[in-house]
Amino acid sequence: MDSAVTGLLAAVVGVGGTLGSAWLTQRRGDTLRREEWERLERARQTQQRQSGREARRTAYTELNAAARHYLATLNDHAHVLRIEGDAAESLAALETARVDYRRRYAEAQMIVPDAVLAEVRKVDKEVGSVYGSLARVTRDRPRDGDDLDTVRTVIRQGWRHLSEMRAAMRTDLDVTGPTHG
């Protein structure tokens with residue numbers, strides 16, 4: 001081989017090596033940037049899931065407490081009516097519990113999954129039914145079926161549905177089953 005061809009061959013190999021090295025460096029940089037973006041995206045999604053779970057946990061806790069209080073207050077008011085006591089104080093407590101429950105229920109409607117919302121609606125239907133019956137009995141305008149024995153039966157069903165609602169909430173939060181640790 002003559003020196004001109006050797007020189008040309010050396011130049012081509014040198015330029016090819018330089019270009020290949022730049023291409024490989026760029027490719028590795030792109031890969032690292034993509035992997036970092038994917039890692040950040042996974043972290044963001046994990047944070048979103050945890051944030052949503054925490055929001056649901058808070059809403060579940062507040063709704064459960066408000067529903068239990070509302071149902072207990074409905075029961076107390078029915079008892080006052082049964083013993084023919086003064087219903088004014090009981091009715092005021094009932095209205096306060098009702099307003100708190102309705103606010104918690106409205107909040108829950110916006111963030112709970114459909115499976116849990118179905119259980120929440122069962123409880124809402126029953127407390128609404130009891131409230132309506134008691135309101136009509138309190139005002140001496142009862143309809144058929146608006147008697148205190150029926151109210152007591154519906155309240156007992158309400159407690160069962162409240163337990164089912166709480167179980168659905170706990171399942172959604174993955175806090176049921178055996179303790180790990």
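Helices here are DSSP runs of H or I with at least four residues, numbered from the N terminus. You are looking at a predicted model, where local features need pLDDT of at least 70, side-chain atom pairs count only at pLDDT 80 or more, and totals for chains, interfaces and linings use all residues. Residues are numbered from 1 along each chain as its sequence is written, and side-chain values use heavy atoms, with hydrogens and water left out.

**Stop 1: Asp146**

Select Asp146, in the loop between helix H3 (114-138) and helix H4 (148-172). Asp146 has a relative accessible area of 9%, so it counts as buried (buried is under 20%, exposed over 50%, partly exposed in between, with a 1.4 Å probe and protein chains only).

Now show side chains. Asp146 and Arg136 make a side-chain to side-chain polar contact at 2.6 Å. The Asp146 side chain also reaches the backbone nitrogen of Arg143, at 2.8 Å. (A polar contact is a pair of N or O atoms within 3.5 Å; within protein, one must be able to donate a hydrogen and the other to accept it, and residues adjacent in sequence count only if both atoms are side-chain atoms.) Skip the neighbours within four places in sequence, and Asp146 is in contact (heavy atoms within 4.5 Å) with Ser133, Arg136 and Val137.

**Stop 2: H1 against H3**

Next, pick helix H1 (residues 3-82) together with H3: they pack at an angle of about 25 degrees, with axes 11 Å apart. Those axes are lines fitted to C-alpha atoms, for helices over the stretch in contact, and angles run from 0 to 180 degrees between N-to-C directions.

To see who meets whom, colour the H1 side, including Tyr60, Leu63, Tyr70 and Leu81, and the H3 side, including Val116, Val127, Tyr131 and Thr138. The residues of this contact split into 16 nonpolar, two polar and no charged. (Ala, Val, Leu, Ile, Met, Phe, Trp, Tyr, Cys and Pro count as nonpolar, Asp, Glu, Lys and Arg as charged, and the others, Gly among them, as polar.)

Staying on H3, click Arg121. With 46% relative accessible area, Arg121 is partly exposed.

**Stop 3: two positive phi values**

Move to Glu84, in the loop between H1 and helix H2 (87-111). Its phi is near 60 degrees, a positive value in a residue other than glycine. Glu84 is exposed, at 70% relative accessible area.

Finish at Asp174, in the segment after H4. Asp174 has a positive phi of about 60 degrees although it is not a glycine, and at 58% relative accessibility it counts as exposed.
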